[in-house]
Amino acid sequence: MATGTLGDQARLQPRQVVNTWRKQVNYNDAGIGSGVAGVVLPIGAFILRVLVEIVTAFNAATTNVLTVGTNSATYNDIVAAGDVDEATAGVYDVTRGLGRSLTAAADTTVYVMYTQTGDAATAGQAEIVIEYEGNTG
């Protein structure tokens, strides 16, 4: 697999260790308005922590909404609208989606989506970090 290319299989360690997934997104990334695929979490993965850093404030005129999740179309079951203030730089500790409920049935792909209304954004960057323990049986 080429460096920087999204894998299609979950990262599964042979021992109980904390794994992390880190993704940088920008207001103008291709496909960000409908969801960009990120990590594939292994079946039974336990999400320990979710951090979102707004590095550069998103500046669409009316609303800026950054979501992260596994549920098709809205992708908001890990980070939902209102969990992060996209217009204010800082680090946000999000508790939605913790545990193993999202990965109980199968390997699960996580998506990131940014939507906006009003005049289009001209700036905005976020870093998302998900810490999880991969199910080792």
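In the predicted model, Tyr114 is buried, with a relative accessibility of 3%. The ring of Tyr114 is paired with that of Phe58; the ring centres lie 4.7 Å apart and the planes meet at 40°, so the pair is classed as tilted. Phe58 is likewise assigned to the buried class, at 2% relative accessibility. The two residues are separated by 56 positions and link distant parts of the chain, Phe58 being placed in the loop between strand 3 and strand 4 and Tyr114 in strand 6.

The structure contains 2 aromatic pairs. Besides the pair of Phe58 and Tyr114, Tyr75 and Tyr111 form a stacked arrangement, with 4.4 Å from centre to centre and 25° between the planes. Tyr75 belongs to the loop between strand 4 and strand 5 (90–94), whereas Tyr111 belongs to strand 6, so this pair ties together parts that are 36 residues apart in sequence. Tyr75 is buried, at a relative accessible area of 10%, while Tyr111 is partly exposed, at 24%.

Strand 6, which carries Tyr114 and Tyr111, takes part in an open sheet of 3 strands with the order 2-6-4 and antiparallel pairing. From one strand to the next, the twist averages 15°. Strand 4 and strand 6 (residues 108–117) are joined in the antiparallel sense over 7 bridges. Thr63 is located opposite Thr117 in strand 6.

Another open sheet comprises 4 strands in the order 1-7-3-5, again with antiparallel pairing. The edges are formed by strand 1 (18–26) and strand 5, each of which has a single partner strand, so one side of each is without a neighbour in the sheet. The average twist in this sheet is 15° from one strand to the next. Strand 1 and strand 7 (residues 125–133) run antiparallel and are connected by 9 bridges. Asn19 is found opposite Tyr132 in strand 7.

Side chains of opposite charge can pair when their charged atoms come close. The count of salt bridges in the model comes to 3. In one of them, Arg22 is joined to Glu127, with the closest N and O atoms 2.9 Å apart. Arg22 is located in strand 1 and Glu127 in strand 7, so the contact ties together parts that are 105 residues apart in sequence. Arg22 is exposed, at 62% relative accessibility, whereas Glu127 is buried, at 13%.

A salt bridge is also formed by Arg49 and Asp93, whose closest N and O atoms are 2.9 Å apart. Arg49 lies in strand 3 and Asp93 in strand 5, so parts that are 44 residues apart in sequence are tied together. Arg49 is partly exposed, at 36% relative accessibility, and Asp93 is partly exposed, at 45%.

The side chains of Arg96 and Asp83 form a salt bridge with an N to O distance of 2.8 Å. Arg96 is placed in the loop between strand 5 and strand 6 and Asp83 in the loop between strand 4 and strand 5, so the pair ties together parts that are 13 residues apart in sequence. Arg96 is partly exposed, with a relative accessible area of 36%; Asp83 is partly exposed, with 23%.

On the surface, a nonpolar patch is formed by Val18, Phe46 and Leu48, which together have about 260 Å² of accessible area. Leu48 is situated in strand 3 (residues 46–56) and is partly exposed, with a relative accessible area of 37%.

Key: Residues are numbered from 1 along each chain as its sequence is written. This is a predicted model: local features need pLDDT of at least 70, side-chain atom pairs count only at pLDDT 80 or more; totals for chains, interfaces and linings use all residues. Side-chain values use heavy atoms; hydrogens and water are left out. Two strands pair if DSSP finds at least two bridges between them. Axes are lines fitted to C-alpha atoms, for helices over the stretch in contact, and angles run from 0 to 180 degrees between N-to-C directions. Patches are made of residues with over 30% relative accessible area and no salt bridge: like charges are joined within 9 Å, nonpolar side chains (Val, Leu, Ile, Met, Phe, Trp, Tyr) within 5 Å. Accessible areas come from the Shrake-Rupley method with a 1.4 Å probe; for residues, only the protein chains shown count as cover. A salt bridge is a side-chain nitrogen of Lys or Arg within 4 Å of a carboxyl oxygen of Asp or Glu. Buried means under 20% relative accessible area, exposed over 50%, partly exposed in between (1.4 Å probe, protein chains only). Rings of Phe, Tyr and Trp (its six-membered ring) pair if their centres lie within 6.5 Å; planes under 30 degrees apart count as stacked, over 60 as edge-to-face and the rest as tilted.
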